[in-house]
Structures are given as structure tokens and as C-alpha cells.
Amino acid sequence: MRIPHFAMYAHLFKGFALVLSGAIIGSAVYMSIHQHAYNELYIQMHKYLEENAELKDDLDSLTKTKNKQSLVSVVNVHLLPKNQDELISEDIQKEIEGDVKGELKLVIGQKAAYVRDSQPLYERLITQRTYVLHEKKYVVEVKSIVLIQNELTVWITAEEKRT
């Protein structure tokens with residue numbers, strides 16, 4: 001029995017290797033584009049879900065206090081960057097703001113005078129609190145608390161805790 005020489009089929013193997021490497025590179029490029037699009041879609045969906053939950057909470061608190069003007073009906077939380085070098089991503093900012101807003105949910109429905117008198121208590125409730133998001137720890141500090149009519153606004157800063 002005669003065995004054909006490998007040199008006869010070398011150009012076929014080169015062509016097959018070229019097609020195979022093109023398929024691998026093409027699938028890698030396609031997967032990276034798909035993952036990027038999916039990640040953007042996930043971030044946008046997460047933002048819409050948080051906004052929807054926030055609007056539902058605002059609606060619940062407003063219907064709870066619609067005829068009582070001396071009660072706190074809205075809590076707003078704004079996250080300011082602690083320093084310009086260390087910026088926190090938008091989805092983590094929204095999660096921290098939502099967590100702090102959840103901590104201050106007990107203020108909704110209380111008399112504005114009582115909330116105004118006990119602002120240091122609410123400040124101590126939030127300051128130096130550690131939140132764990134995406135396997136990172138963030139320490140929150142209160143910059144200021146402002147109560148205007150029936151709206152409590154809190155400005156906070158967050159810094160990633162290095163351990």
C-alpha cells in the first residue's frame with residue numbers, strides 16, 4: 001500500500017488553517033461587540049428600573065401626605081464626587097443614592113419641625129456607613145442636609161474603602 005506524500009496536501013492545510021483562524025477571530029470580534037451592546041443595555045435597564053422604583057416611592061409618599069403640607073413628603077439624595085481623581089460610575093452612584101434614600105425613608109410622613117430639629121440624628125445615621133456594591137466597599141459621609149417646606153435634600157460623598 002502506498003502512502004501519499006504530505007507535501008501534496010500542504011496548500012490545503014494552509015487554506016484550512018486560514019479559514020479556521022478567520023472564523024476564530026471573527027467570532028471573537030462578534031462576541032466583543034455583542035458583550036458591549038449587552039452591557040450598555042443592562043446599564044440602561046438598571047437605570048430605568050431604579051427610576052421606576054424611585055417614582056413609585058415618590059408617588060406613594062405624595063399620596064400619603066397630599067393634604068398635609070407640614071409633613072415631609074419627598075427625600076432627595078445627591079452624590080457628589082469626593083475628589084476629582086476618583087470618579088464613581090453612574091450605576092454605583094445610583095445604587096448608593098438609592099440605599100441612602102432607603103435609610104431616610106423613615107423621614108417621610110414626619111412633621112417638618114421634628115425633622116428639622118433632629119437633623120444631626122439623621123446625619124449620624126448616614127455618616128461613616130459602609131455599603132458593599134459589586135464586591136467593593138464604599139464609605140458615605142454627609143456634606144449637608146437641607147429641609148425646604150416638605151422636601152428633605154441630602155448631599156453626600158462616597159469613597160471606595162481601601163483595605
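1. Helices (H or I, at least four residues) and strands (E, at least two) are DSSP runs, numbered from the N terminus. By that rule the protein reads α-β-α-α-α-β-β-β along its sequence. The total is four helices and four strands.

2. A word on the source. This is a predicted model, where local features need pLDDT of at least 70, side-chain atom pairs count only at pLDDT 80 or more, and totals for chains, interfaces and linings use all residues. Residues are numbered from 1 along each chain as its sequence is written, and side-chain values use heavy atoms, with hydrogens and water left out.

3. Look at the overall shape. The C-alpha trace spans about 100 × 40 × 25 Å along its principal axes. The radius of gyration, taken over C-alpha atoms, is 28 Å, whereas a compact globule of 163 residues would come near 15 Å. That globule rule is 2.2 Å times the number of residues to the power 0.38.

4. Next, surface and contacts. The protein exposes about 11,900 Å² (Shrake-Rupley method, 1.4 Å probe). Carbon and sulfur atoms supply 59% of that area. Of the 163 residues, 26% count as buried (under 20% relative accessible area; exposed is over 50%, partly exposed in between; 1.4 Å probe, protein chains only). A contact means heavy atoms within 4.5 Å. Among contacts with a separation of 6 or more, 57% join residues 24 or more positions apart.

5. Now the largest pocket. It holds about 490 Å³ of space. A pocket is an open set of points on a 1 Å grid over the protein atoms alone, where a 1.4 Å probe fits, with protein on both sides within 12 Å along at least five of seven lines. Grid points are joined across faces, edges and corners, and the volume is the space filled by probe spheres set on the points.

6. What lines this pocket? There are 19 lining residues (an atom within 4 Å of a point). Closest to the centre are Glu50, Glu54, Glu97, Gly98 and Lys101. α1 (10–64), β1 (74–81) and α2 (90–103) each supply at least two lining residues. α1 gives the most, with seven. By class, 11 are charged (Asp, Glu, Lys, Arg), four are nonpolar (Ala, Val, Leu, Ile, Met, Phe, Trp, Tyr, Cys, Pro) and four are polar (the others, Gly among them).

7. Is Glu95 buried or exposed? Glu95 counts as buried because its relative accessibility is 17%. Glu95 sits in helix α2. Leaving out residues up to four places away in sequence, Glu95 touches His46, Glu50, Leu133 and His134. Asn83 is 12 residues from Glu95 in sequence and 19 Å away in space, C-alpha to C-alpha.
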